[in-house]
Amino acid sequence: MTKEDMLSKTGHVIAVKDVSLEIYEGELFVIMGLSGSGKSTLIRCINGLVEPSDGKIFVDGEEVNTLSGVGLRELRRKKLSMVFQHFALFPHRSVIENVAYGLEIQGVDRGERSERALKMLELVGLKGWENSEIDELSGGMQQRVGLARALAVEPEILLMDEPFSALDPLIRRQMQEEFIKLLSVVHKTVLFVTHDLNEALKLGDRIAVMKDGEIVQVGTPDDIVLNPVDDYVTEFARDVPKAKVLWAKTIMEKPGAVVSVGVGIEQALQVMDEKKVSHLFVTDEDGKLKGVVSLNDTRDAVQRGSMDLNQIISTDFPVTKPSRIVEDLVPLAADSDIPIVVTDSKRKLLGIISRGTLLRTLSEKEDGS
């Protein structure tokens, strides 16, 4: 039965139906959907706050829904931490006492609790506020306290239920940026719930879109935007500027012409003439980029009788990593006539992005035309 049929015939609500997911270690996995789609119920099933009527949930190979009360408490204390939408802080405790609460429950002695709580407060940017009362803090600061409290117990997994949705838009964007930076330091597996597609696209390694308790699509941010599986996902993604979610690797193309560093100038010129390109990329024997030569410089060198390609190789050209957002490539393209070169961390040539490709991506209409 559909969710509506079940409600009308039995009075029961289907909160989560036929969901099957695998979330990887170190991944920031986002569950998104409209209110009532089942995303918060799903995340609460994982830490046992909601017991599913059927199905199995495994955390690190351990079946959560068969754990005893003691086992479930241990799971929540040591492996999982949760950050709530409305902070869920203790108003009668100071900031540092809130952060240290999980450690207190674990039985950690007072000195170590304070030390770890102070460390987490510094990590989330609240150093100096440890003795303040909760009501003295802004909403954004209170959510930082909630995040510090979750991190203080050193969990492997963070469950985050719309943690930034109660914040003002400007503070929300700031928290998103800071959270990304924080994860690069603490390296946690994160399950993040949101109803905001822009937030999901910005944060998620992968995204699950939910509707009426079921998962409609799971994919990377560019999968969701470029290849929506149905009208529901299409409608979600309709107003998303593609340049804000696509990466350099998504739109890069194979270089028109590439030669090894040992090639002579006349051969290089021949390659450019055959390929009808104005620039030639030069790599070493391992595929690492050495530089670029232009058609004009190559022709001039031939006229001068020069045979050494190394003499005209330029290293003055725009380079980007494959994970850079397309929107951020505009200044690179504006300052150079040479295509943007995409390389990995070892400077291996992966592809190029021409100015024309970039402009087409930026001007692409929402219907994909």
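The legends below describe several close-up views of this structure, which is a predicted model.

**View 1. A salt bridge between Arg206 and Glu27.** The side chains of Arg206 and Glu27 meet in a salt bridge, with a distance of 2.5 Å from N to O. This pair links distant parts of the chain, since Arg206 belongs to strand 7 while Glu27 sits in the loop between helix 1 and strand 1, and the two residues are 179 residues apart. Arg206 counts as buried because its relative accessible area is 17%, and Glu27 is likewise buried, with a relative accessibility of 7%. Side chains of opposite charge can pair when their charged atoms come close.

**View 2. A salt bridge between Arg144 and Glu178.** In this view Arg144 forms a salt bridge with Glu178, and the closest N and O atoms of the pair are 2.5 Å apart. Arg144 is buried, with a relative accessible area of 13%, whereas Glu178 counts as partly exposed because its relative accessibility is 29%.

View 3. Glu235 forms a salt bridge with Arg238, in which the closest N and O atoms are 3.2 Å apart. Arg238 has a relative accessibility of 36% and therefore counts as partly exposed. A search of the whole structure finds 16 salt bridges, and the pair of Glu235 and Arg238 is one of the salt bridges in the model.

**View 4. A patch of negative charge on the surface.** Glu4, Asp5, Asp18, Asp212 and Glu214 gather on the surface in a patch of negative charge. Among them, Asp5 lies in helix 1 and is partly exposed, with a relative accessible area of 31%. Asp212, another member of this patch, is found in the loop between strand 7 (206-211) and strand 8 (214-219).

**View 5. Asp212 and its backbone angle.** Asp212 has a phi near 50°, which is a positive value in a residue other than glycine. The residue is partly exposed, because its relative accessible area is 31%, and its place in the chain is the loop between strand 7 and strand 8.

**View 6. Glu162 and its backbone angle.** Although Glu162 is not a glycine, this residue has a positive phi of about 45°. Glu162 lies in the loop that runs between strand 5 (157-161) and helix 8 (169-186). With a relative accessibility of 9%, Glu162 counts as buried, because buried means under 20% relative accessible area.

**View 7. A nonpolar patch on the surface.** Leu21, Ile23 and Val218 form a nonpolar patch on the surface, and together these residues have about 190 Å² of accessible area. Leu21 is placed in the loop between helix 1 (3-10) and strand 1 (28-32). Because its relative accessibility is 31%, Leu21 counts as partly exposed.

Technical notes
Residues are numbered from 1 along each chain as its sequence is written. This is a predicted model: local features need pLDDT of at least 70, side-chain atom pairs count only at pLDDT 80 or more; totals for chains, interfaces and linings use all residues. Side-chain values use heavy atoms; hydrogens and water are left out. Patches are made of residues with over 30% relative accessible area and no salt bridge: like charges are joined within 9 Å, nonpolar side chains (Val, Leu, Ile, Met, Phe, Trp, Tyr) within 5 Å. Accessible areas come from the Shrake-Rupley method with a 1.4 Å probe; for residues, only the protein chains shown count as cover. A salt bridge is a side-chain nitrogen of Lys or Arg within 4 Å of a carboxyl oxygen of Asp or Glu. Helices (H or I, at least four residues) and strands (E, at least two) are DSSP runs, numbered from the N terminus. Buried means under 20% relative accessible area, exposed over 50%, partly exposed in between (1.4 Å probe, protein chains only). Lys and Arg count as positive and Asp and Glu as negative; His and the chain ends are not counted. The place of a charge is taken as NZ of Lys, CZ of Arg, CG of Asp or CD of Glu.
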